[in-house]
Amino acid sequence: MRAWQRDFTEDELRESAGDRSFERGAGYLDAVSGLTVEPGADRATVRAVVHGGAPYRVWLSVASRGALVGRCSCPYGAEGNFCKHCVAVGLTVLADGGLIEHMGMQRTRDGSVDAWLEALSPRELLALVREQAAIDPGLRKRLELRAIATEGDSGSLRREMARMLDPTPFTRYGYMEYADVHAFADQARGAVPVLSDLVARGRAVDAVDLAREAVSRVEALYEHADDSSGALGELIADLLDLHLRACEAAAPDPTETAEWLVGHMLGDYASDAVRLRDYCAVLGPSGLAAVHDLAVEALRRNPGGWAEQDLLGALLVLCAEGGIEPMAAGHADPADAVAAYVRLVDTYKVLTGDAAYEAIVRLLDKARACHEVLGTSGDFADYVRELRTQQRRKRKLLRLLDTHGM
């Protein structure tokens, strides 16, 4: 079930807010403006502004499962309470016919706006953009950034990107509240089209560097921000998509790229958006070899690390599924290839699970073929015998070895 296929009810609003806030929120319906609904993979997010003692930003999260969640930038909401402003927004959605109907009306309005824009002449569009930029500082800042990107001044672009990604205006007492996270993410998202423009204009090398800086800046906020809505995570995923596109266009140094990727994947707040498989073409054999060495060294330093084990597991899956053996790729000399295959087996034998066992057997098959060419099949038999002794408790692995005549 997708989030926007589930309506919430007045009873859910009352249960979330309590009777007092619910009754007070019913008196703020006329104060709600700018209401929009954004669909997500497993939730819909309702955004609006409620004009009380000040304009307060409100977010309601409607998940396919679980309770209705509301946040508000008012003092009471900033303490984590489901306030009267949240109630007012929820009641406004219900008054419009409910979440599902409101989504349909919004799509209709979006279509009407698109049709109107397409009918405008270039001169009218230019006048409209200038008018909006004059009244919307955020839009003007995004346009200025794209203009700088077009002019080709890398230093100015880097400084303006840093300003766009500066959390200071959205931080209070060293922490970014839920509502302020959304405001920051809305501003910072302006960096995404700028990076895309750089790639399109043949400046992918600049885009690679700027995307990495942007990801690092946003990731550094996790420890000091309430990102329970996932706004920062979504922003990082978009920036990482641009990083991959830029790498594909720029072909950066494979080893340096491997170092950055591993640093990101082993970081405290690594994004699930980075998939090693997507970077195989960018990394090539030498880059994948560097990833392998870095992953092994990281696991040596932190044997119980989940991130380190996951990274090795990702390499293992690539090996098992696609025959990608980064340490063995390109070895024309069978003796060198044997050493590379054995090194991979020694790495993966610390892991458990079917994927690990299948990859180990697959690597041993290739090592056996190399030994046959070298005329050293006895050495291979000795190695497998010792391996079976070391791994005697892994019965599935031993059965696989038996199946393949090892």
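Q: How do helix 16 and helix 17 pack, and at what angle?
A: This is a predicted model. In it, helix 16 (residues 334-348) and helix 17 (residues 354-374) pack with their axes 9 Å apart, at an angle of about 160°. That makes helix 16 roughly antiparallel to helix 17, and the crossing of the two is left-handed.

Q: Which residues of helix 16 and helix 17 make the contact?
A: From helix 16 there are Pro 334, Ala 335, Ala 337, Val 338, Tyr 341, Leu 344, Val 345 and Tyr 348. Helix 17 brings Ala 356, Ile 360, Leu 363, Leu 364, Lys 366, Ala 367, Cys 370, His 371, Val 373 and Leu 374.

Q: And how do those residues of helix 16 and helix 17 divide into nonpolar, polar and charged?
A: The contact has 16 nonpolar residues, one polar and one charged.

Q: Is Cys 86 buried or exposed?
A: Cys 86 is buried, with a relative accessible area of 0%.

Q: What about His 85, where is that?
A: His 85 is in helix 4, which covers residues 84-95. At 4% relative accessibility, His 85 counts as buried.

Q: Which residues does His 85 touch?
A: Leaving out residues up to four places away in sequence, His 85 touches Tyr 28, Val 50, Tyr 56, Val 58, Cys 72 and Cys 74.

Q: Let's go back to helix pairs. How do helix 11 and helix 12 pack?
A: Helix 11 (residues 204-219) and helix 12 (residues 231-250) have axes 8 Å apart and an angle of about 160° between them. Helix 11 is therefore roughly antiparallel to helix 12. Their crossing is left-handed.

Q: Which residues meet between helix 11 and helix 12?
A: On the helix 11 side, they include Ala 204, Val 208, Arg 212 and Glu 219. On the helix 12 side, Leu 232, Leu 239, His 243 and Cys 247 are among them. By class, the contact of helix 11 with helix 12 has 17 nonpolar residues, one polar and two charged.

Q: Why point out a positive phi?
A: Because most residues other than glycine have a negative phi. Tyr 173 also has a positive phi, near 55°.

Q: Where is Tyr 173, and is it buried or exposed?
A: Tyr 173 is in the loop between helix 8 (154-164) and helix 9. At 89% relative accessibility, Tyr 173 counts as exposed.

Q: How many residues of helix 9 are buried?
A: Helix 9 (residues 178-188) is mostly covered, with 10 of its 11 residues buried. Tyr 178, Asp 180, His 182, Phe 184 and Gln 187 are among the buried ones.

Q: Zooming out, how many helices and strands does the protein chain have?
A: The protein chain has 19 helices and four strands. Of its 406 residues, 43% are buried.

Q: Can you show me a residue in a strand? Where is Val 37?
A: Val 37 is in strand 1, residues 32-39. Val 37 counts as buried, at 2% relative accessibility. The C-alpha atoms of Val 37 and Arg 47 are separated by 6.3 Å, and these two residues are 10 apart along the chain.

Q: And which residue is 67 residues from Glu 15 in sequence but 9.7 Å apart in space?
A: That is Phe 82, with the distance taken C-alpha to C-alpha. Glu 15 is in helix 1 (residues 10-17), and at 69% relative accessibility Glu 15 counts as exposed.

Q: Last one: what share of contacts join residues at least 24 apart?
A: Among contacts between residues at least 6 apart in sequence, the share is 62%.

Notes:
Residues numbered from 1 in each chain as written. Predicted model: local features only at pLDDT ≥ 70, side-chain atom pairs only at ≥ 80, totals over all residues. Heavy atoms only, no water. Buried < 20%, exposed > 50% of the residue type's maximum accessible area, 1.4 Å probe, protein only. Contact = heavy atoms within 4.5 Å. Axes fitted to C-alpha atoms, helices over the stretch in contact; angles between N-to-C directions. Parallel < 35°, antiparallel > 145°, perpendicular 65-115°, else oblique. Left-handed = near helix turned anticlockwise from the far one by under 90°. Nonpolar A, V, L, I, M, F, W, Y, C, P; charged D, E, K, R; others polar.
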